[in-house]
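Please open the structure in your viewer, with the backbone drawn as a cartoon, and keep the selection panel at hand. The tour below moves from one selection to the next and says what is to be found at each stop.

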Number of protein chains: 2
Amino acid sequence: MSELKNDRFIRALLKQPVDKTPVWMMRQAGRYLPEYKAIRAEAGSFMDLCTNPELACEVTLQPLERFDFDAAILFSDILTIPDAMGLGLYFAEGEGPKFKSPIRTAADINKLFIPDPEQELKYVMDAVRLIRKNLQGRVPLIGFSGSPWTLATYMVEGSSSKTFSKVKGLMFEQPKLMHKMLDKLAQSVASYLNAQIAAGAQAVMLFDTWGGALGTEEYLEFSLRYAQQVRSLLKTDVDGKKVPTVLFTKGGGQWLESMAGIGYDALGLDWQTDIHHARMRVGSKVALQGNMDPITLYANSEVIREKVGSILNKYGSGTGHVFNLGHGILPDMNPEHVKVMVDAVHELSEQYHK
Amino acid sequence: MSELKNDRFIRALLKQPVDKTPVWMMRQAGRYLPEYKAIRAEAGSFMDLCTNPELACEVTLQPLERFDFDAAILFSDILTIPDAMGLGLYFAEGEGPKFKSPIRTAADINKLFIPDPEQELKYVMDAVRLIRKNLQGRVPLIGFSGSPWTLATYMVEGSSSKTFSKVKGLMFEQPKLMHKMLDKLAQSVASYLNAQIAAGAQAVMLFDTWGGALGTEEYLEFSLRYAQQVRSLLKTDVDGKKVPTVLFTKGGGQWLESMAGIGYDALGLDWQTDIHHARMRVGSKVALQGNMDPITLYANSEVIREKVGSILNKYGSGTGHVFNLGHGILPDMNPEHVKVMVDAVHELSEQYHK
């Protein structure tokens, strides 16, 4: 494997000194890029693209041709695990993810099995290996999964939800059954991320997209507890190098202190949380990744540069910051605006690393 | 006007001793009640019902016949002000509020006028007067409005939004114009709430439904600042009695300290925020209203009673707590479960008021 030519991202996550603040972007490979749309049209469905390692590799690398990103992220979906468990993931056009066979009964939960990443999820591992090879050490590759709680929400609801009434119903009325499901998911996620690391992922991120839908008590018991279980099972020492780990709970700004105490190297921040306050609250425990409001990218260059500058200034001097959006880029955003953001991060951050 | 027979709600908001924790529920008059649906079918559209003081009065009083609520809340909508400004509020079935003439240009903002509550919003004032008369002092009547920021989101987007790209675009690129609009809205909201108070509302609540979509800096500048302006313009001393004020920012749990410092007597809490931590953070500055996850009402009686008990216990001893859901009840919930919640609040809270 090639040595990393640009290791800013890894170093910042591990709170080691860097020359500039590294930057990447959630959904950086995706529908806002015309070259992505061309491949997608060729591939067929979104899942046809995800399950084709050559095409997944190609779209993973696309944004690196346009922008000076400091990391690549595997092109995949947060819901590959329940798909591998046999629930049948599909994407109805413009509707978000759905499952053909959602969890309906205790028997459905009892028969859930822990997928073998090199069997049922081999297409992901093949993509990781191929991307890693094609990156040639240019920037590190990020692997990822949905968190146990977030996987459970889709598996029980059958789709995204506004109210989460089915999965919360299970949680409130049959907490033991819910814990059984989450334990299986935590084991599956850890096994999956470990396999991504073995295949070449140089950092891994857990996306807890729907943790913020919970009350504090339920967040700690049904979401964070299983993020911790995943972390405890991860093998993050590879050939004497550390694979950094990132935990992102959208809407979790109130719980940063708890999130910072379970072993992840970094926390993802949504845009609602002030990154200066976040840094004060988590101290030196973890690095922080974020957190520009994605909607800023609709604005003009001056506004984008100003907001980038403001976030860098709020984080302040020293390492431990990876610049990102607070959530994914939207399909109708202008790629030129992404370039403005990325270049502004590198240019305006040097002063904080002297 | 009749003296209040049950003033628990008012006393708790003012942090005066009470015998039991008062309880009411967001959307307590509404679609989960068959008797509401009957009136609604008779009235025609949602707005036909809102603009008919006799029917608005009837549905406001309906839940008091079934449940031992400690307050009534005016049956109306948070968006009556922009409707009075001529934007044409309507409700497409199952789609949420929309405006026929959303704000599109600077000229649209320049020509916004401050409605006269006894002219353009006379139907609301007539409803307040009629409800107050018919309540005969049984429980206090709550008046309300959407917050300036929340009104602005609907006025610019033309409907509810997932991304708020239009209104945030205006905010990011033309902040002065946005401030001009919010200033007019703050004046309008204050005038409207003052008129509700003059007509008989005994407490008023500002619903900042979409403040939580903002970053911290933008929340303080574009939402909280105008909630403060509204508060500073409110006339809350009526015949020697104080009319308590409540501020509710959904998704605002991170900003409670700031919210507690602008003059409102109480803060509404969504269900994500732990009410024990919230009380520790705001100290004796404000009372707290909330905060059971509405989805709890789908669960069985034992679960509902347990969750009610847990929230009462987290708030702990002493006054300053009004029990509520963290958001509105949903249309397909069982009214019997509401009774379980209300009775549990009264029964289980006595121990905290000895």
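Begin by selecting B:Arg27, which counts as partly exposed, since 18 C-beta neighbours lie inside 10 Å. This model is a predicted one. B:Arg27 sits in the loop between helix H1 (8-13) and helix H2 (34-43) of chain B, and its phi is positive, about 65°, although the residue is not a glycine. Most residues other than glycine have a negative phi, and most peptide bonds are trans.

Next, move to chain A and select A:Gln136, where phi is near 50°, again a positive value in a residue other than glycine. This residue lies in the loop between H7 and E4 of chain A, and with 11 C-beta neighbours inside 10 Å A:Gln136 counts as exposed.

**Into the sheet of chain A**

Which strands pair with E4(A)? One is strand E1 (residues 72-73) of chain A, which pairs with E4(A) in the parallel sense over 2 bridges, and in this pairing A:Ile142 is the bridge partner of A:Ile73. Another is strand E5 (residues 203-208) of chain A, parallel to E4(A) over 5 bridges, with A:Val204 as the bridge partner of A:Gly143. Continue from E5(A) to strand E8 (residues 245-249) of chain A, where the pairing is again parallel and runs over 5 bridges; select A:Asp208 and A:Thr249 to see bridge partners in these two strands.

Now colour the whole sheet, which is open and made of 7 strands in the order E1-E4-E5-E8-E9-E10-E11 of chain A, with parallel pairing. E1 and strand E11 (321-322) of chain A stand at the edges with a single partner strand each, so one side of each is left without a neighbour in the sheet.

**Helices around the sheet**

Then select helix H4 (residues 53-66) of chain A, whose buried residues are A:Ala56, A:Cys57, A:Glu58, A:Val59, A:Thr60, A:Gln62 and A:Pro63. The elements that cover these buried residues include helix H2 (34-43), helix H3 (46-50), E1 and helix H7 (122-135) of chain A.

Zoom out to chain A as a whole, which has 15 helices and 11 strands. The radius of gyration of chain A is 19 Å, close to the 20 Å that the globule rule gives for 354 residues, so the chain is as compact as a globular protein of that length. Of these 354 residues, 56% count as buried.

**Two loops worth a stop**

Select A:Gly290 and A:Asn291, which are joined by a cis peptide bond with omega near -5°; A:Asn291 lies in the loop between strand E10 (287-289) and helix H14 (301-315) of chain A. In chain B, a cis peptide bond likewise joins B:Gly290 and B:Asn291, with omega about -5°.

Stay in chain B and select B:His327, in the loop between strand E11 (321-322) and helix H15 (335-349) of chain B. B:His327 is buried, with 22 other C-beta atoms within 10 Å. Leaving aside neighbours within four places in sequence, B:His327 is in contact with B:Met26, B:Lys250, B:Asp270, B:Trp271 and B:Pro294.

**Where the chains meet**

Finally, show both chains together: 26 residues of chain A are in contact with 26 residues of chain B. On the side of chain A that touches chain B, the elements giving two or more residues are helix H9 (165-173) and helix H11 (216-233) of chain A, and the largest share, 5 residues, comes from H9(A). The residues of this side divide into 9 nonpolar, 12 polar and 5 charged.

A rotation of 180° with 0.0 Å of shift along its axis superposes chain A on chain B, with an RMSD of 0.0 Å, and that is the relation of a two-fold axis. To find the axis, select A:Gln254, whose C-alpha is the nearest to it in chain A, at 2.9 Å.

Terms used. Residues numbered from 1 in each chain as written. Chains lettered and ligands numbered in written order. Predicted model: local features only at pLDDT ≥ 70, side-chain atom pairs only at ≥ 80, totals over all residues. Contact = placed C-beta atoms within 7 Å. Helix = DSSP H or I, 4+ residues; strand = E, 2+ residues; numbered from the N terminus. Nonpolar A, V, L, I, M, F, W, Y, C, P; charged D, E, K, R; others polar. Rg over C-alpha atoms; globule rule 2.2 N^0.38 Å. Buried ≥ 20, exposed ≤ 12 C-beta atoms within 10 Å, placed from the backbone. Pairing = 2+ DSSP bridges. Least-squares fit on C-alpha atoms with pLDDT ≥ 70 in both.
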